[in-house]
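Hi,

Here is the structure I promised to pass on.

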Amino acid sequence: MAITRADVEKVSLLARLQLTSAELETMTSELGQIVAYVDQLAEVDTTDVEPMAHAVEVSNVFAADQARASLPREQALANAPRHNQRGYLVPPVLGD
Amino acid sequence: MTNAMLAFHPDLTASQALALLTRGELSAVELTQSYLERIAEHDATVGAFLHVAAEAALATAADIDSRRRAGQSVGQLAGLPVAVKDVLCDSRTRTTCASRMLENFQPPYDSTVVAKLRAADAVLIGRTNMDEFAMGGSTENSAFQITRNPWNLQCIPGGSSGGAAACVAAGMAPLSIGTDTGGSIRQPAGLCGVVGLKPTYGRVSRFGLVAFASSLDQVGPLAHNTSDAALLLETIAGHDPQDATSLDTPVPPYTHTIDQPLTGLRLGIVREHFAEGLHPEVEAAVRGALEVYRSLGATIKEISLPHSKYAVATYYVIAPSEASSNLARYDGVHYGHRADESSLLAELATERKQLAAAGDQEGLDNQDTGLVRMYRRSRAEGFGPEVKRRIMLGAYALSAGYYDAYYLKALKVRRLIRQDFDAAFAEVDLIAGPVTAQPAWGLGEMAGDPLSMYLVDLYTVSANLAGIPGLSLPCGFTQDGLPIGLQLQAPALGEETLLRGARMYEQATSS
């Protein structure tokens with residue numbers, strides 16, 4: 001499946017990356033090459049093969065249902081680029 | 001810059017230094033000081049460290065010395081300097097992942113591995129350079145500096161744990177911690193002529209490890225020899241309730257058994273590993289190592305891993321998919337880099353005017369909101385090209401219409417790769433082969449060719465996909481004096497066999 005510049009532009013929005021026109025160009029050709037290589041997976045017969053999401057397939061790891069102290073607010077905000085001591089600040093979300 | 005060589009084997013191994021420390025014949029301060037001096041002398045050239053914690057290291061060492069003198073109990077590594085890859089959270093120092101994104105990130109807690117090292121009274125000497133977010137195989141993707149191979153300063157040290165391998169090879173730390181998602185411990189260890197071990201998935205806690213690909217990432221030791229690697233692994237391994245994928249299985253005393261040779265060792269060599277593309281000098285060195293094993297009584301059996309040729313393709317779907325999801329957390333809000341808000345809002349206003357003037361209603365409807373543009377700009381400014389490439393690749397593989405063809409397909413092939421190993425380990429105890437197809441290459445040589453760089457991972461990625469342990473140990477040099485690595489792989493939780501098997505070769509070949 002060939003990758004187009006429009007595909008790359010769409011994915012850059014999904015991935016929340018702003019790419020320059022030059023980056024979109026390079027990315028289209030590089031991703032195209034990598035995806036063409038990866039396409040060889042299509043030749044493997046995987047009929048009736050269960051997908052394997054983890055190398056060590058442990059399941060149902062439960063922790064005791066006990067309340068524990070969480071990160072204090074001051075520490076949780078310490079690395080935030082913008083905050084007001086109570087919460088994180090972001091650009092206006094509603095209206096102009 | 002000349003072709004000077006800075007590889008240096010200290011007079012003492014870590015295990016020997018520990019014995020002297022224990023007997024009071026060497027102080028932790030003296031030992032730490034000697035490594036700090038070597039760093040001060042040579043790291044401006046090698047570039048292995050992003051941060052050297054000289055003062056804190058000497059203070060820790062002095063404290064350990066006084067506790068030892070007072071007859072108090074001390075930890076397993078008491079007084080031994082350990083370098084840590086800059087990807088494991090340490091509440092006392094910044095953790096950057098060699099990325100602009102985390103340039104000023106000060107973790108609020110310690111990773112379990114760092115906490116275990118502190119509890120063992122290790123002297124944390126500094127933080128090592130790496131490919132940004134551990135994505136790469138040459139350490140050239142660090143946002144801050146390159147690292148040079150101590151055996152040839154014009155060559156890359158490998159990666160992503162390039163700083164971790166180079167600092168040991170250059171004698172700037174006796175022990176170091178790396179991480180391995182597709183070969184990032186074993187490959188630089190091989191290219192720098194040191195020992196590196198990727199443990200079984202789940203053997204070492206990932207709590208506080210900045211995530212790249214969570215189903216593949218493992219933390220492991222790098223050292224001058226297998227005994228030192230065993231010592232460090234013994235310290236960091238073990239169950240951790242804070243990591244749900246951590247294995248609740250006792251840690252064997254690796255250091256106690258390492259000198260016991262394996263009798264009747266059955267060594268497998270993979271037919272597909274000796275195919276086209278393998279550098280003749282690497283092949284000769286690996287075959288030479290197999291002869292050493294034969295002379296020690298091992299039987300060598302040729303085996304096949306029929307799906308191994310799909311390992312790189314499988315890996316470069318799964319790892320970027322997991323990365324694109326893991327790295328979504330860098331949004332310019334909670335921590336990490338954030339783009340300048342007034343300039344991005346001004347940019348949006350200008351775009352809006354232009355679109356309105358052109359009567360482009362669709363463009364206006366689709367324009368980023370201020371918040372979305374803040375995310376996109378912050379990430380565009382904070383991440384380097386390789387990280388962007390992998391995020392894009394992963395987001396593509398997971399997007400509607402491609403999920404089944406790529407991500408789901410790769411997960412199925414992953415199981416076939418694992419089943420190949422299961423079948424192989426029914427016949428052999430360990431698998432031996434090359435770590436990489438070629439020795440260290442020149443700085444800048446593969447820049448701009450991402451696919452070729454990915455193909456370097458051919459022999460290492462399968463162990464991560466299957467979750468099994470792998471070890472790289474030096475097995476010779478090219479005519480140009482570059483180290484060659486031998487890779488050994490064992491079934492899941494076979495670290496003890498792996499270390500004993502590696503030690504046999506090391507002992508037989510040490511002068």
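**Notes on the model**

B:R390 lies in helix α14 of chain B (helices are DSSP runs of H or I with at least four residues, strands are E runs with at least two, and both are numbered from the N terminus). Before I go on, the ground rules: this is a predicted model, where local features need pLDDT of at least 70 and side-chain atom pairs count only at pLDDT 80 or more, while totals for chains, interfaces and linings use all residues. Residues are numbered from 1 along each chain as its sequence is written, chains are lettered from A and ligands numbered from 1 in the order in which they are written, and side-chain values use heavy atoms, with hydrogens and water left out.

Leaving out neighbours within four places in sequence, B:R390 is in contact with B:M135, B:G136, B:F212, B:Y316, B:P320 and B:Y454, where contact means heavy atoms within 4.5 Å. B:R390 and B:S321 are 69 residues apart in sequence, yet their C-alpha atoms are 8.0 Å apart.

B:M392 also has its place in helix α14 of chain B, and B:M392 is buried at a relative accessible area of 0%. What does B:M392 touch, beyond residues up to four places away in sequence? The list is A:V8, A:V11, A:S12, A:A15, A:L17, A:L19, A:M27 and A:L31. Within chain B, 69 residues of sequence separate B:M392 from B:A323, with 9.7 Å between the two C-alpha atoms.

**Rings**

The count comes to 15 aromatic pairs over all chains. The rule here: rings of Phe, Tyr and Trp (its six-membered ring) pair if their centres lie within 6.5 Å, with planes under 30 degrees apart counted as stacked, over 60 as edge-to-face and the rest as tilted. B:Y396 and B:Y406 make a tilted pair, because their ring centres are 6.1 Å apart and their planes sit at 40°. That pair links distant parts of the chain, 10 residues apart: B:Y396 is in helix α14 (residues 385-398) of chain B and B:Y406 in helix α15 (residues 404-424) of chain B. B:Y396 is buried at 3% relative accessible area, and B:Y406 is buried at 3% too.

Elsewhere, B:F105, B:F133, B:Y330, B:Y335 and B:F383 form one aromatic cluster. There is also B:R287, which lies over the face of B:F274 at 4.3 Å from the ring centre (a charge sits over a ring if NZ of Lys or CZ of Arg is within 6 Å of the ring centre and within 35 degrees of the ring normal).

**Charges**

Over all chains the structure holds 31 salt bridges, each being a side-chain nitrogen of Lys or Arg within 4 Å of a carboxyl oxygen of Asp or Glu. A few of them:

- B:E291 bridges to B:R294, with the closest N and O atoms 3.1 Å apart. The two are 3 residues apart in helix α9 (residues 280-295) of chain B, so about one helical turn separates them. B:E291 is partly exposed at 43%, and B:R294 is partly exposed at 43%.
- B:E347 bridges to B:R377 at 3.4 Å between the closest N and O atoms. B:E347 lies in helix α11 (residues 341-357) of chain B and B:R377 in helix α13 (residues 370-382) of chain B, so the pair ties together parts that are 30 residues apart in sequence. B:E347 is partly exposed at 25%, whereas B:R377 is buried at 13%.
- B:D422 bridges to B:R418, the closest N and O atoms being 3.5 Å apart. They are 4 residues apart in helix α15 of chain B, so about one helical turn lies between them. B:D422 is partly exposed at 45%.

Salt bridges that share partners also join B:E347, B:E351, B:D368, B:R373, B:R376, B:R377 and B:E381 into one network.

One to look at yourself is B:D228, in helix α7 (residues 226-236) of chain B. B:D228 is buried yet has no salt bridge, and the nearest side chain of opposite charge, B:R503, is 8.0 Å away (Lys and Arg count as positive, Asp and Glu as negative, and His and the chain ends are not counted).

Cheers

Note on methods
Buried means under 20% relative accessible area, exposed over 50%, partly exposed in between (1.4 Å probe, protein chains only).
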